[in-house]
Amino acid sequence: MPSRPSTAKPRRPAVIDPVTGGSADAAPASQGRRRAMATIAGASVMTLVDPMVKAGAWAAGSDAPEKTEVKIGFIPLTDCASVVMAATLGLDKKYGIRITPTKEASWAGVRDKLVNGELDAAHVLYGLIYGVQLGIGGPKKDMAVLMSLNHNGQAISLSSKLAEKGVRDGASLRAHMSREKRDYTFAQTFPTGTHAMWLYYWLAAHGIHPMQDARAITVPPPQMVANMRVGNMDGFCVGEPWGARAIADRIGFTAETTQGIWKDHPEKTLGTTADFVQKYPNTARAMVAAVLEASKFIDASVSNRRKTAETIAAKSYVNTDMDIILDRMLGRYTNGLGKTWDDADAMKFYQDGVANYPFLSDGMWFLTQHKRWGLLKEHPDYLAVAKKVNRVDIYRQAATAAQVPLPKSDFRTAKLLDGVVWDATKDPKAYADGFKIKV
């Protein structure tokens with residue numbers, strides 16, 4: 001179990017403002033007052049004096065967490081930040097729990113520990129949860145997406161050897177593959193996961209069939225750079241900071257960011273089993289509320305993002321240089337080939353709650369891609385599966401406790417880089433079957 005790094009703010013009784021990260025102790029009492037509000041699910045009306053009084057209402061009586069010590073697994077990636085910060089800032093205590101982040105080696109390991117109960121919850125790939133729900137990519141078990149942890153912030157990297165031959169993007173990769181006939185290998189992090197879906201979508205959008213024209217392999221995120229260094233693959237899709245690390249180590253370049261594939265795409269979730277939610281509903285709600293508070297903190301300011309980068313850079317978390325993490329957290333991108341830009345659509349942890357809401361349409365999209373690539377042999381009941389997995393009820397309760405805005409709908413639409421529009425309210429079967437390149 002990793003120890004918490006020295007960069008973490010020590011826990012203390014003072015109220016931590018989840019937006020500014022500063023102490024609220026010095027604020028006049030009048031600023032700490034809150035209007036009376038109704039609590040969730042018919043609970044009594046209470047007057048909220050300050051955030052800690054509010055927290056007490058959700059940590060006592062019938063709302064008290066059934067389990068107060070929770071282990072949340074994570075993979076060393078930038079987007080584990082809200083789980084780590086919820087613990088290191090003491091925001092978990094506000095909701096009557098103590099979160100212990102536990103560092104895991106691979107997504108397969110996260111899956112197995114969730115399924116067998118070694119982990120209470122995890123920072124986990126959206127598509128992994130859906131894969132387990134339907135029995136693809138591992139054992140079949142009812143699962144739960146409690147919230148989305150972030151949007152954007154992943155990248156597709158290609159090797160420096162390809163750059164030397166003039167490859168710069170998807171179009172030039174396809175042209176090169178047409179000229180130089182050989183076996184090409186691209187890596188993703190888990191067969192049903194987000195990185196596999198972004199990689200396959202991007203290749204197919206440029207006329208490259210990810211299964212017929214190339215070979216796809218699975219590599220854990222922290223091992224991507226080392227594997228490309230020794231020539232095991234021509235490219236990979238992974239979360240930050242490993243795309244930036246490939247550039248810093250001069251072994252690869254960024255051919256595409258995932259926000260370039262789908263602006264504000266769903267990425268990691270706070271996932272658990274359906275059994276856990278059934279047995280510990282108050283604990284599940286408390287976890288979500290604490291991570292929401294951390295999400296607010298991270299996105300509130302540049303200084304908060306810097307503090308977050310310093311914290312998660314520690315050996316017990318991501319274990320890489322803080323600057324490698326921070327630049328892309330702030331949208332300061334370089335592609336490794338001389339191009340630099342400020343990306344307004346870099347990784348988002350909060351976005352007024354939009355980045356956290358478990359939209360049913362997001363889960364349904366992953367199912368369409370699982371069907372597209374042959375992971376599912378038949379069309380599932382897309383909406384029914386999403387309603388079962390995405391625990392919108394738990395999220396809404398936690399969001400109200402953490403004073404996080406809620407969207408008007410459980411669905412959102414998007415136009416991806418190939419111009420195809422995803423609208424879950426129409427016909428997901430036709431969408432999944434409508435791609436020219438598929439299995």
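Is S82 buried or exposed in this model? S82 is buried, with a relative accessible area of 0%. Buried here means under 20% relative accessible area, exposed means over 50%, and partly exposed is in between, with a 1.4 Å probe and protein chains only.

Before I go on, the conventions. This is a predicted model, in which local features need pLDDT of at least 70 and side-chain atom pairs count only at pLDDT 80 or more, while totals for chains, interfaces and linings use all residues. Residues are numbered from 1 along each chain as its sequence is written, and side-chain values use heavy atoms, with hydrogens and water left out.

Back to S82. The residue sits in helix α3, residues 81–88. Helices (H or I, at least four residues) and strands (E, at least two) are DSSP runs, numbered from the N terminus. Leaving aside neighbours within four places in sequence, S82 is in contact with L149, V291, A294, S295, I298 and F349. Contact means heavy atoms within 4.5 Å.

Now the chain as a whole. There are 19 helices and 16 strands. Of the 439 residues, 58% are buried. Take the contacts with a separation of 6 or more: 75% of them are between residues 24 or more positions apart.

Next, T102, which belongs to strand β4, residues 98–103. T102 counts as buried because its relative accessibility is 7%. Its side chain makes a polar contact of 2.9 Å with the side chain of E104. A polar contact is a pair of N or O atoms within 3.5 Å; within protein, one must be able to donate a hydrogen and the other to accept it, and residues adjacent in sequence count only if both atoms are side-chain atoms. T102 and L119 are 17 residues apart along the chain, and their C-alpha atoms are separated by 8.5 Å.

On to a helix pair, α4 and α5. Two packed helices are described by the angle between their axes and the distance between the axes. For α4 (residues 107–116) and α5 (residues 126–134), the axes come within 11 Å and cross at roughly 50 degrees. That makes α4 oblique to α5. The axes are lines fitted to C-alpha atoms, for helices over the stretch in contact, and angles run from 0 to 180 degrees between N-to-C directions. Angles under 35 degrees count as roughly parallel, over 145 as roughly antiparallel, 65 to 115 as roughly perpendicular, and the rest as oblique. On the α4 side, W107, R111, L114 and V115 meet L128, I129 and V132 of α5.

How many of the nine residues of α5 are buried? Eight are, so α5 is largely enclosed by the rest of the structure. Among them are Y126, Y130 and Q133. After α5 comes G135, with a positive phi near 75 degrees.

Helix α15, residues 322–329, has I324, I325, L326, R328 and M329 buried. Which elements do the buried residues of α15 pack against? They include β7 (154–159), β11 (252–257) and α13 (281–300). Just after α15, G331 has a positive phi of about 80 degrees.

In helix α16, residues 360–372, we find T368. T368 is buried, at 0% relative accessibility. Not counting residues up to four places away in sequence, T368 touches Y382, W422, P428, Y431 and A432. The side chains of T368 and Q369 are joined by a polar contact of 3.2 Å. From T368 to P380 is 12 residues in sequence and 8.9 Å in space, C-alpha to C-alpha.

Last, the backbone. Most residues other than glycine have a negative phi, and most peptide bonds are trans. E240 and P241 are joined by a cis peptide bond, with omega about 15 degrees; P241 lies in the loop between β10 (235–239) and α10. N319 is not a glycine, yet has a positive phi of about 65 degrees. N319 is in the loop between α14 and α15 and is partly exposed, at 43% relative accessible area. D352, also not a glycine, has a positive phi of about 55 degrees. Its loop runs between β14 (340–342) and α16, and D352 is exposed, at 54% relative accessible area.
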